[in-house]
Structures are given as C-alpha cells and as structure tokens.
Amino acid sequence: ANHVLDAGTSGMFHTAQCLRDAGLVVGGVGRTQEEARQMQLVEKNGITFGFLCYCEDNNYTLCTTGPCHAYYDVGTVIEDVKRNRGRADIIVVSLHADIEFMETPSVPRMVNSHLIAEAGADIILAHHPHVPQGIEMHGKCLIAYSLGNFVFDSHSMEYMRKHGPRTAHSFLLLMDVGADGVRSFERVPVVVPEPPEERPWPADGAMRNGLLDYFTALDGMLRDEETVRRNW
C-alpha cells in the first residue's frame, strides 16, 4: 500500500518474501512497473482467480521509476484487465486509493471503478479510507469501495482514535463466486476492541444489527449522486 517503501526497497522485498514463505501469493510490487503490474493467478475449486493490485502514487513513493508498487491509474488498470481477461475466470482488482475517513468514495473513484468493471473486472476490492464504505454491483462486477480497518491499532493510534468510532468498525466480506462471476455476497460485522486485545472480533447482538443497518445505509449513499457529491 502507500507505506510500502517506509523501510526502503529492501523492506518491501523482505516483506514480499516473508509473505511468500508463509504460502501467500504476492502481487502489485516489483522492480519495475511492468513487473508490479503482472497478474497473479490462484486456482481454487476449479476456478482460476487473477489478482491485479495497485496503489495511488503518494509522498512515500514520489513517482519513483524504480522498485515500487504498481501505480493506480485508471487507464493502466483498464489496459491490464483487458490484456489478462482470457487468462482467468475471475479477475480481482485491488485498489489502494482515495481520501481517508469518508463515508462514500470520491466521484472520480466511483466513475473509474465503473469503467474498470466495464472493462471486464469481476471484483474490485478497495481500501485506504480506514472506515467501511458501501458495496454495489455494477453489471456483474462487485465493487467494495472500502473494506475499512481490520488488524489495526484503531484505538491505540491517536490518528485513528480521533476519527472513531468507525475506524474500529469493519466486516468480513463473504462471496459466493463461480466461474460465471459473483453470485451473492454478505458482510459479517466485526469490531476492533479496546487494548490490550485490539484484534477484530465478530460483533453480536445490538452492535451487529446496528452495523448491518449502517452498512445498508452506506450502500444506499452510493445510489444517491447528490450525497456522494456533497461529501466531496
């Protein structure tokens, strides 16, 4: 994400190797943009998933042309989706972008996400705002505009705490996916409790019901162009 070069290129490659050693597939980083933009393939239950991962340029990367994450640019993403469309049953696009702590995505990111969906993406998973945002289906593509925090110091970090309580509210996104695309989805509400635990825990009772109602309201905001514009 935007902090990928906090410990320099050695830190970025060390982290990637640690993830690979743990059996995870790593995408979206490389020695060049061409390498970082390569789609990563995962086969599960007879379905081939292709992952394309991007992040906005920012003050941590400063437009470097060296080792970095793949830069989020709508033209680049559309090009990659179209080029790889025949290589996977399901294409998942991961986007780290937009302003923090907002209930809706920006108008440009909504427009861009729709264009990426129309180019052939099946799932768009977005993050960076640190709070949950709505989910919509655009054609056959599921777009989750912000997954929110999960394993995160939502209380012990002052920057997160002062924007609470939504920085401590999140969800597990479960999807029923076939080779033909996303068939259905549901959110399992979670909360990040106060320290010392500060790890995500399934919400229950009134908190669970309240979060489900809030997530539904966030979905509704996406359908109201005036609300989205007013937020920005």
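**Exercise 1. Which residue just after H4 takes a positive phi, and how far does H4 reach?**

Solution. Just after H4, the residue Gly120 takes a positive phi of about 130°. The model is a predicted one, in which local features need pLDDT of at least 70, side-chain atom pairs count only at pLDDT 80 or more, and totals for chains, interfaces and linings use all residues. Residues are numbered from 1 along each chain as its sequence is written, and side-chain values use heavy atoms, with hydrogens and water left out.

Next, take the helix itself, where helices (H or I, at least four residues) and strands (E, at least two) are DSSP runs numbered from the N terminus. H4 covers residues 107-119, which is 13 residues, and spans 19 Å from its first C-alpha to its last, close to the expected 18 Å (1.5 Å times one less than the number of residues).

**Exercise 2. Find the buried residues of H4, and the strands that H4 lies across.**

Solution. Buried means under 20% relative accessible area, exposed over 50%, and partly exposed in between, with a 1.4 Å probe and protein chains only. By this rule the buried residues of H4 are Arg109, Met110, Asn112, Ser113, His114, Ile116, Ala117 and Ala119.

**Exercise 3. How many aromatic pairs does a search of the whole structure find, and why is the pair of Phe101 and Tyr159 edge-to-face?**

Solution. The search finds three aromatic pairs. Rings of Phe, Tyr and Trp (its six-membered ring) pair if their centres lie within 6.5 Å, and planes under 30 degrees apart count as stacked, over 60 as edge-to-face and the rest as tilted. The centres of Phe101 and Tyr159 are 5.3 Å apart and their planes stand at 75°, so this pair is edge-to-face. It links distant parts of the chain, with Phe101 in the loop between E5 (90-96) and H4, and Tyr159 in H5 (residues 158-161), 58 residues apart.

Finally, compare the burial of the two partners: Phe101 counts as buried because its relative accessibility is 18%, whereas Tyr159, at 37%, counts as partly exposed.

Note on methods. Contact = heavy atoms within 4.5 Å. Axes fitted to C-alpha atoms, helices over the stretch in contact; angles between N-to-C directions.
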